[in-house]
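Here is a short briefing to read alongside the model.

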Amino acid sequence: IIENQHDELNTSHNELEYTHKEIKDSINYAKKIQDALLTSYTYIEKVLPNSFVFYMPKDIVSGDFYWAYEIGNKIFFTVADCTGHGVPGALVSMIGNSLLDENIKDKKNHNPADVLNKMRDKVTELLNEDGIEKENRDGMDIALCCFDKENLILEYAGAFNPLIHISDGQINEYKADSQPVALYSKDAKPFTKHTIKLKKNDCVYIYTDGFQDQFGGEKGKKYMSKKFKKFLREISSEKIENQYQSIKTEFNNWKGNNEQIDDVCIMGVKF
């Protein structure tokens, strides 16, 4: 009887190992697809040469994504945080990526606020969420920017994700609308477009909430938004490649041996 039970346990163990390997192989392949859909670093360096992207998924695939596109004298760039992380978040991120392509590349809609309005309508339609009562809706928080490189003007619209503009060491925070690109239980309003006049050496940062929500430090507490914005101001005078290294070092030192709790994505541009 004991020998039979032992054989059954070995069989079950082997089956679990095989299933685990199949799942992991599938997720690794999904990562290749997701990476292929993300805007390449080579392209971002071409259209925004003085910029960085700090991208650190919690799992193999990510619910955060970044995107950039140049059309004429305008450069669009964005950072988004989709519902969930891992596989569910990655699936929603593919929808977000596709809708940005559709609205900006194909339909040539150059108004960031209107793009978010159109994306919200489409996300609601695609995910068939037509008034079911629940707290969380599938969709995304996003910061979308349109940079007019000839006139040094930046237009921004955001769904929960703010924009930080640092000029001469002073922080200007442009708050996002408190609504997601998703079906919303409260009254949905049109997204707001902010217009920012830039000057040489100004820095702009857009980001998801993974960094400031990370637990760490000596007391195992969250990093917090106030500390994060202060840190951005401190590094804003550095060269852009040094800013990237500073952010990477700060995050890893803060996290220490704690588990990463969410995807992290930060984009910084120096003009």
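Asp35 is partly exposed, with a relative accessibility of 34%; the label covers values between buried, under 20% relative accessible area, and exposed, over 50%, using a 1.4 Å probe and protein chains only. This is a predicted model, in which local features need pLDDT of at least 70 and side-chain atom pairs count only at pLDDT 80 or more, while totals for chains, interfaces and linings use all residues. Residues are numbered from 1 along each chain as its sequence is written, and side-chain values use heavy atoms, with hydrogens and water left out.

**Salt bridges**

- The count comes to 12 salt bridges, each defined as a side-chain nitrogen of Lys or Arg within 4 Å of a carboxyl oxygen of Asp or Glu.
- Asp35 pairs with Lys31 in a salt bridge, and their closest N and O atoms are 3.3 Å apart.
- Both Lys31 and Asp35 belong to helix 1, with a spacing of 4 residues, about one turn of the helix; helices here are DSSP runs of H or I with at least four residues, strands are runs of E with at least two, and both are numbered from the N terminus.
- Lys31 is also partly exposed, at 30% relative accessibility.
- In helix 3, Lys105 and Asp101 sit 4 residues apart, about one turn of the helix, and they form a salt bridge whose closest N and O atoms are 3.4 Å apart.
- Lys105 has a relative accessible area of 29%, so it counts as partly exposed, and Asp101 is partly exposed at 23%.
- Helix 4 (residues 112-126) holds Lys118 and Asp114, again 4 residues apart, about one turn of the helix; the closest N and O atoms of their salt bridge are 3.1 Å apart.
- Lys118 is partly exposed with a relative accessible area of 40%, and Asp114 is partly exposed with 24%.

**Nonpolar surface patch**

- A nonpolar patch on the surface consists of Tyr29, Ile33, Leu37, Val87, Leu91 and Met94, which together have about 550 Å² of accessible area.
- Patch members have over 30% relative accessible area and no salt bridge; like charges are joined within 9 Å, and nonpolar side chains (Val, Leu, Ile, Met, Phe, Trp, Tyr) within 5 Å.
- The areas come from the Shrake-Rupley method with a 1.4 Å probe, and for residues only the protein chains shown count as cover.
- At least two residues of the patch come from each of helix 1 (2-37) and helix 3 (86-106).
- Leu37 lies in helix 1 and is partly exposed, at 39% relative accessibility.

**Packing of helices 5 and 6**

- Helix 5 (residues 225-235) packs with helix 6 (residues 240-255) at an angle of about 145°, their axes being 10 Å apart; axes are lines fitted to C-alpha atoms over the stretch in contact, and angles run from 0 to 180 degrees between N-to-C directions.
- On the helix 5 side the contact involves Lys227, Phe231, Leu232 and Ile235, and on the helix 6 side Gln243, Ser246, Ile247, Glu250 and Trp254, where contact means heavy atoms within 4.5 Å.

**A loop glycine**

- Where is Gly217 found? Gly217 is in the loop between strand 10 (215-216) and strand 11 (221-222).
- With a relative accessible area of 35%, Gly217 is partly exposed.
- Gly217 and Glu173 are 44 residues apart along the chain, and their C-alpha atoms are separated by 26 Å.
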